[in-house]
Amino acid sequence: MRTLIGGTDTSDPIRGAYPWPEDRPWLRMTMLRGLDGGVTGADNRSGSVSSTADREVMAEIRRLADAVLIGAATMRIERYGALRAAAEDAEERRAHGLGAAPTLVIVSASLDLPWAEAAFHGAVVTPIVITSDLATPAALAAAEEHAEVIRLPGETVSAAAIVEALHGRGLTRINCEGGPHLLASFAAEDLVDEFDLTVSPRLPTYGPTTARADADSAEPAPYDLVQLVEHESFLFARYVRAGRWPGGAEVGS
């Protein structure tokens, strides 16, 4: 076993920590989980249990990505803004043959999407919406006013068909950011090359036995990571409620 926290810090430990392979297509999943397994806080959004560092990780993964792939429910809940690349990354993106910014790709059977959002009107690269034969002509017409629409045959869209469609457009570095059904479909078809998981030190949701009258407005309870051990690629973490460990949160041995 080896302890993974408590090592030497660097000035920027995130920069370059999530590389993309140069010689092959790559599909990665980025996931955020609270200590109870929840993915959102009281406002039903992931930002409630996220952090500055978590957002920096997401930005680093997107920095040299071709596509950011999400499901329709994630788009409706999280309200994605326009995807842009930082000016200092433009030269590196060109060197890798990438577009000016990652392409936002949304999978939606109904095409019931918030078309007024900046993701569609302020995007550097036109978003792509992937749908199926279930989409009505009226919904297709509306979608085509705001995005490039890929209509795949059949009533359901397989993960493999999504990947094939994106690869056909030269989008081979794909970062899938959820939601759960989309993640599950890619995992079920064994298409995931990499999982990037953030465990938030928060207890973000309240079950039936712990419900509180002020749950909707309560801040997520903070916990401190006091130990992280790896053994045969398993991670064993100890989280202690902030301020309750004698002497403060210190790394165990």
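How are helix 6 and helix 7 oriented to each other, roughly parallel or roughly perpendicular? The close-up views below, taken from a predicted model, begin with this pair.

**View 1. Packing of helix 6 against helix 7.** Helix 6 spans residues 159-168 and helix 7 spans residues 180-188. Their axes lie 8 Å apart and meet at an angle of about 90°. Because angles of 65 to 115 degrees count as roughly perpendicular, the two helices are described as roughly perpendicular to each other. Helix 6 contributes A159, I162 and V163 to the contact, and helix 7 contributes L182, S185 and F186.

View 2. Leaving aside residues up to four places away in sequence, R33 touches G38, V39, L183, L197, T198, V199 and S200. The C-alpha atoms of R33 and P201 are separated by 8.9 Å, although the two residues are 168 residues apart along the chain.

**View 3. A nonpolar surface patch that includes L197.** L35, L197 and V199 together form a nonpolar patch on the surface, with about 230 Å² of accessible area. L197 is located in strand 8, residues 194-199. The relative accessible area of L197 is 52%, so this residue counts as exposed, the cut-off being over 50%. Two members of the patch, L197 and V199, are also among the residues that R33 touches.

Definitions and conventions
Residues are numbered from 1 along each chain as its sequence is written. This is a predicted model: local features need pLDDT of at least 70, side-chain atom pairs count only at pLDDT 80 or more; totals for chains, interfaces and linings use all residues. Side-chain values use heavy atoms; hydrogens and water are left out. Patches are made of residues with over 30% relative accessible area and no salt bridge: like charges are joined within 9 Å, nonpolar side chains (Val, Leu, Ile, Met, Phe, Trp, Tyr) within 5 Å. Accessible areas come from the Shrake-Rupley method with a 1.4 Å probe; for residues, only the protein chains shown count as cover. A salt bridge is a side-chain nitrogen of Lys or Arg within 4 Å of a carboxyl oxygen of Asp or Glu. Helices (H or I, at least four residues) and strands (E, at least two) are DSSP runs, numbered from the N terminus. Buried means under 20% relative accessible area, exposed over 50%, partly exposed in between (1.4 Å probe, protein chains only). Contact means heavy atoms within 4.5 Å. Axes are lines fitted to C-alpha atoms, for helices over the stretch in contact, and angles run from 0 to 180 degrees between N-to-C directions. Angles under 35 degrees count as roughly parallel, over 145 as roughly antiparallel, 65 to 115 as roughly perpendicular and the rest as oblique.
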